[in-house]
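Reader: I would like a close look at a single part of this model, with the terms defined as you go.

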Amino acid sequence: MSSQVVSIDPMLCTGCRRCADVCPVDAIVGHPNEPQTIDTSRCVLCGQCVLTCAAFLSPFDEGAERMPEIRRERGLAEDDPAPLFAANFRIDRKKVAAMLADPERTTMVQCAPAVRVSIAEEFGKAPGTLTPGKLAASLRRLGFDYVYDTIFAADVTVMEESTELLQRIETGGTLPMFTSCCPGWVRHVETAWPDLIHHLSSCKSPQQMAGALFKSYGAEQAGKTAGEIASVAVMPCTAKKGEAERPEMQNGGHADVDAVLTVTELAAMLKEKGIDLDSLPEEEFDAPLGLYSGAGTIFGASGGVMEAALRTAIATTSGKEVDESGVAFVRSEEEPGVLRASVEIGGKTVRGVIVSGLAHVAPVLEAVRSGKADFEFMEVMCCEGGCVAGGGQPKLLPGVDVADAVSRRRKALHDHDRELPVRAAHRNPAVKALYENFLQKPLGELSHKLLHTRYGKEAGRHE
C-alpha cells in the first residue's frame with residue numbers, strides 16, 4: 001500500500017484507550033495514559049478507532065503551532081478547519097482533485113449505498129436522511145464526467161455470488177461459502193483464519209466490480225480506453241482504501257479503482273467548493289452503470305447481501321419472481337451478533353448465517369474449522385450494523401446515541417429498497433443488458449477475468 005490507511009498520532013494520543021474498546025481484532029497496543037500504536041499485522045483497517053477517538057489538538061493547546069504541519073502530513077490544506085484527532089485515516093482529496101483537473105482523464109465515480117443515508121449529516125440533517133438525487137447532483141457539480149453507482153455493481157455481485165453458491169452446492173464445492181464484500185472481513189480471514197480462505201467467495205466486492213466495469217464496459221460505452229479512465233469511489237469505509245490498493249485488484253495493468261474517498265472527505269470537498277448539498281436539485285445517476293435495484297441498495301446494512309442473494313437464488317431456481325426472500329432470520333441470546341435461517345433453493349435446504357461485527361465471528365469460525373458448521377452460506381460485516389456504521393462515516397458527537405443513528409441509516413436503506421420499482425438484481429434492466437451485450441453469463445470467462453479474484457497467500461496474480 002502507498003501509505004498506512006489508519007494511524008494514531010503519538011503526539012496527540014492521550015492513552016484513553018477508547019479505541020481499544022471498539023477495536024474488533026485487538027489491534028490497539030499500549031498502556032493506559034500513554035500513546036497507543038496499531039499492530040498492523042492484525043488491523044483490518046475498519047476505522048472504528050477513528051470514529052471513537054476523542055483526543056484532538058485545539059488552537060489553545062500546547063503544540064498548536066504544529067497544526068499546519070500536521071495538516072500537510074495528512075493531506076489537508078493548512079487552513080482546513082477540521083479538528084485534528086489522534087486516530088485518523090489517510091486523506092486522498094488532493095489525489096482526486098488532481099484527477100478532476102486532468103484534461104486527459106475521463107472521470108467516473110461510484111458511491112456506495114450507505115453514503116446516501118449519511119452524507120446529509122455533514123450538512124446538518126438527521127442521521128438516516130436519504131439523499132440519492134442530491135448526492136448524484138453534488139458529484140456532478142464537483143466535476144465528475146460520469147456519476148455512477150456502486151449499487152449497480154452490487155446487483156452484479158448478486159448475479160455472480162448467487163450463481164457461485166448454487167454451483168458449489170451442486171458440485172460439492174467448499175461449503176459454507178463466505179461472502180467477500182467486506183474488505184475488513186476478508187482481511188481478518190487472511191490474517192487470523194488463513195486455513196479458511198478457500199471458504200471465501202471468489203467475487204470481488206461491489207466497489208472493485210464497479211471499477212473493473214468502468215475500465216472495460218464503461219470505457220467502451222464512453223469511447224475511451226481503460227488508461228484514459230480515472231475511477232473514483234465514495235465509500236462509508238476506510239478499509240476500502242486498502243482494498244483498492246491490493247495488487248490483484250486490477251486488469252491489464254490498470255487498477256480497478258484509482259482513489260477512494262470517505263463520506264467525510266466528500267463532504268469536505270463539497271464545502272471547499274461552496275456546494276451546499278441541501279440546496280441542490282434531485283438528479284438521476286448516469287446510465288447504464290448507475291441504474292440499480294432495491295436488492296443492491298440493502299448491501300449497506302448488515303444482512304443485506306444475504307437477503308439480496310437469496311431473492312435471486314430463489315427466483316432463478318423456482319421460476320417465481322420475489323421482491324423479498326421471505327426468509328426470517330432468527331437471533332439467539334446464546335450467539336450475540338449472529339442470526340440464522342434456512343430456505344428451500346432448488347429443492348435443497350440452504351442454511352444461512354449472518355454475523356454483524358467481527359467481534360462476534362470467532363465461535364462461528366471455530367465451528368467451521370472443526371467441521372461442525374451446520375450451514376452453507378455466511379455473510380459477515382466487519383462493523384456492527386454493516387456499512388452504515390463504517391469508519392468513513394460522519395463522526396458522531398459524544399453523547400449522541402450511536403446505535404440510534406446506525407438504526408436510522410439502516411431503516412432509510414430498507415425504505416429506499418421498498419420504494420424502488422425493481423427490487424431484485426436479476427430484474428435490473430441495465431444488469432440484463434450487461435450480460436446480454438458484454439459478460440454473456442455469470443461465472444463466464446469474461447466475468448471470471450474482470451469480477452473474480454483470489455485471496456490469501458496466492459493473491460497478487462489473477463488467473
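Which residue takes a positive phi in the hairpin of β15 and β16, and how many residues lie between the strands?

Author: This is a predicted model, in which local features need pLDDT of at least 70 and side-chain atom pairs count only at pLDDT 80 or more, while totals for chains, interfaces and linings use all residues. Residues are numbered from 1 along each chain as its sequence is written, and side-chain values use heavy atoms, with hydrogens and water left out.

In the hairpin of β15 and β16, two residues lie between the strands, and Gly346 takes a positive phi near 60 degrees. Strands here are DSSP runs of E with at least two residues, and helices are runs of H or I with at least four residues, both numbered from the N terminus; two strands pair if DSSP finds at least two bridges between them. By that criterion, strand β15, residues 335–345, pairs with strand β16, residues 348–356, in the antiparallel sense over eight bridges, and within this pairing Arg340 has Val353 of β16 as its bridge partner.

Strand β16 also pairs with strand β17, residues 377–381, this time in the parallel sense and over five bridges, with Ile354 standing opposite Glu379 in β17. From β16 the chain crosses through helix α13, residues 362–369, to β17, and this β-α-β crossover is right-handed, a term used if, with the strands pointing away from the viewer, the path from the first strand over the helix to the second runs clockwise.
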